[in-house]
Structures are given as structure tokens and as C-alpha cells.
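Hello,

Here is the structure I promised to pass on. Have a look, and then read on for my notes.

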Amino acid sequence: SALYFSRKNKLPDSESRALRGFSYHTMYAGNHPQSLLFAKEALVVSSNNQLQHETMLNLDQLASIAYLQQDPIKAREYEREAGRIRDSLLNEQILKNTINTEKRFELDKKNNLLKVQDVQLRQKNIINILLITAIM
């Protein structure tokens with residue numbers, strides 16, 4: 001199974017996904033206590049390995065289970081924590097995009113400057129050739 005393979009090969013992101021998959025399956029089969037155990041185990045794996053995206057998805061799953069178990073307070077706690085992680089991931093992506101855009105802008109600016117300098121150099125060369133030709 002995927003869980004066996006991920007544990008054998010020490011792939012915590014895959015292990016977290018497999019456990020969450022088992023949690024989904026048992027949740028839809030109506031076995032909420034077992035689903036909760038799988039989801040909590042997935043959360044431990046993702047948290048211990050600093051897998052933020054996986055942790056966020058596992059918290060979302062735990063929130064779904066809590067709602068099914070008629071525990072809206074716990075569900076909202078899970079949702080708030082997942083939301084904090086989601087916001088953090090979004091902020092990281094925005095920062096990366098901003099940095100990449102700034103780098104592209106600076107590179108374009110340098111390339112344009114080089115083009116202007118190249119045109120100026122060609123103009124000077126033409127003027128020099130004309131002056132040399134006029135002198136001869």
C-alpha cells in the first residue's frame with residue numbers, strides 16, 4: 001500500500017497523504033472514530049516534518065470530522081489553525097512572486113541600458129567613420 005511504501009522509503013509527505021486518504025475513506029464509510037485516528041496520525045507526521053501544506057490539509061480533514069461528530073468548537077479551532085497556515089503559505093508565495101518580479105524588472109532594466117549603450121556606441125562609430133572619410 002501507499003502507506004507501507006512511504007514509511008519504508010521515509011517519505012513523510014507521502015505518508016501524511018496516505019494517512020489522510022485512509023481518514024477520508026473511513027470518514028465516508030461512517031467510521032468517524034477511526035477516521036479521526038488516521039487524521040491525527042497524519043497531522044503528527046506532517047507537523048513533525050514541517051510540511052506546512054500537508055499540515056493545513058490534515059487540519060481541514062480534522063475540522064470535517066469534528067463537524068461530523070457534532071463538535072463545532074473543535075472544528076473551528078482546526079479551521080483557524082489551517083487558515084493561519086494557509087495565510088502564511090500565501091504570504092510566502094506573494095513574497096517569492098514579488099522578489100521574482102523585482103529581479104525580472106532589474107534584469108530588463110539592465111538589458112535596456114545595454115541596448116541604449118550599444119546604439120550610442122554604433123552612432124559614435126558611424127560619426128567617427130564619417131569624420132575619417134571627410135578628412136581623407
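Is Phe38 buried or exposed? Phe38 is buried, at a relative accessible area of 18%, where buried means under 20%, exposed over 50% and partly exposed in between, with a 1.4 Å probe and protein chains only.

Before the rest, a word on the basis: this is a predicted model, in which local features need pLDDT of at least 70 and side-chain atom pairs count only at pLDDT 80 or more, while totals for chains, interfaces and linings use all residues. Residues are numbered from 1 along each chain as its sequence is written, and side-chain values use heavy atoms, leaving out hydrogens and water.

Searching the whole structure gives one aromatic pair. Its partners are Phe22 and Phe38, in a tilted arrangement with 5.4 Å centre to centre and 35° between the planes. (Rings of Phe, Tyr and Trp, the latter by its six-membered ring, pair if their centres lie within 6.5 Å; planes under 30 degrees apart are stacked, over 60 edge-to-face, and the rest tilted.) The pair links distant parts of the chain, 16 residues apart: Phe22 belongs to helix 2 (residues 12–28) and Phe38 to helix 3 (residues 32–48). Helices here are DSSP runs of H or I, at least four residues, numbered from the N terminus. Phe22 is partly exposed, at 32% relative accessible area.

Two loop residues are also for you to check. Lys10, between helix 1 (2–8) and helix 2, has a positive phi near 50° and is exposed at 71%. Gln70, in the loop between helix 4 (52–68) and helix 5 (72–135), has a positive phi near 60° and is exposed at 67%. Most residues other than glycine have a negative phi.

Best wishes
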